[in-house]
Amino acid sequence: NTTSTVEHLSLKHPGLLRLFDSTVCTASIVISYLFSSKEPLVQQFLGKKLADYSPDELDFYLPQLINMYIHIPSICTVIHDYITSRYSSTGWNSMND
């Protein structure tokens, strides 16, 4: 499935794929494209790309990510794994025990 996503990007958006795979691609760029893209495969790729950044790099963007998670169903599905892994790694889930 990831291969088909990369193939799709390389065919339809080769410039974006080069950007997303480059060292100049920041968390800010990923969040911006995640919000603005309406293509499910691009959203899926970017949702997985979040795992490439440290929690410290993405902390600033958590309000935006949570907002997209709540209000944009197509983005919710692609960032669900990231949001739940962040939640479980923070220890917040131990407050429910």
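This dialogue explains how to read several features of a predicted model.

Biologist: What kind of model is this, and how are residues numbered?

Modeller: The model is predicted, with local features needing pLDDT of at least 70 and side-chain atom pairs pLDDT 80 or more, whereas totals for chains, interfaces and linings use all residues. Residues are numbered from 1 along each chain as its sequence is written, and side-chain values use heavy atoms, without hydrogens and water.

Biologist: How many helices and strands does the chain have?

Modeller: Helices (H or I, at least four residues) and strands (E, at least two) are DSSP runs, numbered from the N terminus. Here the chain has seven helices and zero strands.

Biologist: Which residues of helix α3 are buried?

Modeller: Buried means under 20% relative accessible area, with a 1.4 Å probe and protein chains only. In α3 (residues 27-36), the buried residues are A27, V30, I31 and L34.

Biologist: Why do they lie on the same side of α3?

Modeller: An α-helix has 3.6 residues a turn, so residues three or four places apart point the same way. In α3 they cover an arc of only 95 degrees around the axis, taken from the directions from the helix axis to the C-beta atoms.

Biologist: Which element gives the most to the lining of the largest pocket?

Modeller: A pocket is an open set of points on a 1 Å grid over the protein atoms alone, where a 1.4 Å probe fits, with protein on both sides within 12 Å along at least five of seven lines; lining residues have an atom within 4 Å of a point. Helix α7 gives the most, with five residues. The lining includes Q44, K48, D81 and Y82.

Conventions. Buried < 20%, exposed > 50% of the residue type's maximum accessible area, 1.4 Å probe, protein only.
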